[in-house]
Amino acid sequence: MSTPTVNGAGPATGEGVKPDRLGTALGWASVGLGAPLSIAPEATLEAIGIEPDARSRAIALGVGVQEYTAAAGILAIERPRPVFSLWSRVVGDLAHLGLLTAAWRTQRQSAPRLAGAIAFVAGCAVIDTFAAVRFSREPERQQAPADIHVRASITVRAPRERVYSYWQDFGNFPEFMLHLESVETTGERRSHWKAKGPAGKSVEWDAETTEERPNELIAWRSLEGADVENSGSVRFVDAPGGRGTEIHLELRARTPGGRAGQLAARLFGEEPDSQARDDLRRFKQVMETGEVVRSDGTVEGQSTARLLKQRPAQPPEEEVRDASADRAGTGAEGSQS
Amino acid sequence: MKATVFSGRNSVQVENVPDPKILNKRDAIVKITSTAICGSDLHLYDGYIPTVKRGDIFGHEFMGEVTDVGSEVSNLKPGDRVVVPFPIACGNCNACASGLFAACENSNPNAKIAEKLMGHSPCGIFGYSHMMGGYAGGQAEAARVPFADVGPLKIEDDFTDEQVLFLSDVFPTGYMGAEFCDIKPGDVIAVWGAGPVGQFAIASAKMLGAERVIAIDEYDYRLRMATEKAGADEVIDFGIRPDVVEALNEMTGGRGPDACIDAVGMEATHGHGGLHAYDRVKQAARIQTERPEALRQAILACRPGGIVSVMGVYGGFVDKFPAGAFVNKGLTLKTGQCHVHRYLKPLLDRIRGGEIDPSFITTHTMSLDDAPNGYETFKKKRDDCMKVVLKP
């Protein structure tokens, strides 16, 4: 029901992800080549049709170490734009071709196997050159800002007026939006937001309400100077057949490179769409049942982060404080028996 | 308190765990007096249901005495004797409002896992994997019951536990399976599986006016109970007659049963040699989660235009689903976890009226401490085991 889209900011970034994937693949290929050469140089030499002796073993070991270095460069040090490492791989490929050609003359054990190895390295050289050229030519692809754009929707069995008035008070958001600590109204159409940031720190920003159509739509946007430029809107539509209200939530955040981008990514979670959907489910629970629903395995209610490390379905050791009981204005419908 | 916890495939243990606590305002704590092992618990025990963790407390058929209630529960008070329905339902969402309690939209805090696998999430269920909410189950000395203002049925009559305990699951489940069959005078109903759900499906089909009910199983003691207690008119022992579809055709003048109930589910024990071996291998290798032979047979046996009612539990995906037969015969498939809440009072009335005494399925009563033995006895069908009731 939610459609996550991670959009590029401009046409040039549309395929910005691809070179990175190719780079990653080449990095792991380096690991794959380095491992047999360094762990079992003798067997590897035989496999590629070269007679093993002290000299060729030493060269094999050296090439293995070189492959590891390339891998480290591509996968870790130079990430996400391993231009230098890729060019060094191209140079390495040419050197390896030279070594193999030399071996053809002096230490050939099996002509077909050695020919295969030469063809393989030549193929690698072509791919590496292609990747290196691509990364060098279009550096902007990796650095251009991308937007986080999340859409999620849910149906709540409550009249539009009630749902709208709950959303109208931004102070209610932390009740069901897990990443928020507080939202305070600071003036006419102005609010101050505080969210849980990385390493226990808070991230704060001011926002303005950009649109308010009673019982239909609320939209907001962060003001100049926010660490994370973000905006959101929520639409309310009658669900057909008297089934209450459909809520359509849309959130956007700019994720430029650097610190602000990382911050945005943290705030919206690793799966922004899931987090938004969780938020709506919690909202639905609050509206329909009076509070966030807890189980023994998930005592704090649903959260994406929790799914990966569920505690066993056993009563918790500690008394769990009923967080939602402390907050006023949950607008619970109460029980029906 | 003591509780039956999962300790790895084919293994449960009775361990000391923390006492249940009120986590939501509409919770109640129930001190359990009787709890049963369900056939669907065996799917957990055998390791075929995803997202089951070591330490999870099993059990979704239980009853007992209320000892504590949350601040928003006004219909129950400590001392009340209650039967707890296995689906957890809020009573406030659109699904609950239309009587689809097992589709409750709020009771599964882990709805996302289920949504990934199934598109939408069913309700939360006691002791039935984290995908179904991660709720502690009722094979324990006590349990937390969420939405206690909606689920538990107060028992004020002088019934024994065994007479009302099965209202928590197997009786309503079998009943719903029979109700799905839209039984009209003269209808012949075939029921695959003469376990507890099958027994109640047979008894319910008779209560709802079926002309003839045919029970299908391979265990003589189960078929005997089907005819002697549940009221089946005929049986097919597929250990002796493996060609079930042909046998049903013979018994119905070539028409086929008007409706077929699958009360077997994902771990069918039989099938045509090759196909069964194929299912077993794929299931053991965890490539497919089900061995759906009962469902396949039900579709092949059902008369054109008839109804296939699936009450057996399936968890994932099936192979060799006879879609051609299903479509070209114009069958209707009805299925679902039972919306127990809506059957509690009507079925209690039937017990009260003497139409049925559900206690007939109980074959073994054990102490909670013997739960591991109970699971093995039930799984291996030792000692003519039909239903194990545990007493904490």
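Which residues are exposed on the other side of α8(B)? The legends below take up this and other close-up views of a predicted model.

**Figure 1. Helix α8 of chain B, residues 244-251, with its buried and exposed residues.** The buried residues of this helix are B:V244, B:A247 and B:L248. They lie on the same side of α8(B) because the arc they cover around the axis is only 100 degrees. An α-helix has 3.6 residues a turn, so residues three or four places apart point the same way. On the other side of α8(B), the exposed residues are B:E246 and B:E250. Just after α8(B) comes B:G253, with a positive phi of about 60 degrees.

**Figure 2. The largest nonpolar core and the surroundings of B:I214.** This core comprises 138 residues. The residues with the most contacts inside the core are B:I189, B:V191, B:I214, B:A215 and B:I261. At least three of its residues come from each of domain 1 (2-169 + 338-391) and domain 2 (171-335) of chain B. With residues up to four places away in sequence left out, the residues that B:I214 touches include B:V188, B:A190, B:V191, B:V235 and B:I236. Also among them are B:D233 and B:E234, together with B:L248, which is one of the buried residues of α8(B). In soluble globular proteins, nonpolar side chains tend to be buried together.

**Figure 3. The two domains of chain B and the contacts between them.** The domain assignment divides chain B into domain 1 (2-169 + 338-391) and domain 2 (171-335). A distance of 25 Å separates the C-alpha centres of domain 1 of chain B and domain 2 of chain B. Contacts between the two involve 22 residues of domain 1 of chain B and 21 residues of domain 2 of chain B. Helix α1 (residues 39-45) of chain B gives three residues, the largest share of the side of domain 1 that touches domain 2. By class, that side of domain 1 has 13 nonpolar, three polar and six charged residues.

Figure 4. Most residues other than glycine have a negative phi.

**Figure 5. The side of chain B that touches chain A.** In this interface, 41 residues of chain B are in contact with 38 residues of chain A. The helices α2 (94-97) and α3 (111-118) of chain B each supply at least two residues of the side that touches chain A. The largest share of that side, three residues, comes from α3(B). Sorted by class, the side of chain B that touches chain A has 15 nonpolar, 14 polar and twelve charged residues.

**Figure 6. Antiparallel pairing of strands β5, β6 and β7 of chain A.** Strand β5 (residues 202-213) and strand β6 (residues 217-222) of chain A run antiparallel and are joined by six bridges. Across this pairing, A:E211 stands opposite A:A219 in β6(A). The two strands form a hairpin with three residues between them, and A:N215 in the turn has a positive phi of about 65 degrees. β6(A) also pairs in the antiparallel sense with strand β7 (residues 230-238) of chain A, over five bridges. In this second pairing, A:L217 stands opposite A:R235 in β7(A).

**Figure 7. Chain A, with its helices and strands.** Chain A contains twelve helices and eight strands. Of the 337 residues in chain A, 33% are buried. Among contacts in chain A between residues at least 6 apart in sequence, those joining residues at least 24 apart make up 59%.

Technical notes:
Residues are numbered from 1 along each chain as its sequence is written. Chains are lettered from A and ligands numbered from 1 in the order in which they are written. This is a predicted model: local features need pLDDT of at least 70, side-chain atom pairs count only at pLDDT 80 or more; totals for chains, interfaces and linings use all residues. Two residues are in contact if their C-beta atoms, placed from the backbone, lie within 7 Å. Helices (H or I, at least four residues) and strands (E, at least two) are DSSP runs, numbered from the N terminus. Ala, Val, Leu, Ile, Met, Phe, Trp, Tyr, Cys and Pro count as nonpolar, Asp, Glu, Lys and Arg as charged, and the others, Gly among them, as polar. A residue is buried if 20 or more other C-beta atoms lie within 10 Å of its own, exposed if 12 or fewer, and partly exposed in between; C-beta atoms are placed from the backbone. The arc is that of the directions from the helix axis to the C-beta atoms. Domain bounds come from an automatic or database domain assignment. Two strands pair if DSSP finds at least two bridges between them. A nonpolar core is a set of buried Ala, Val, Leu, Ile, Met, Phe, Trp, Tyr and Cys residues joined through C-beta atoms within 7 Å.
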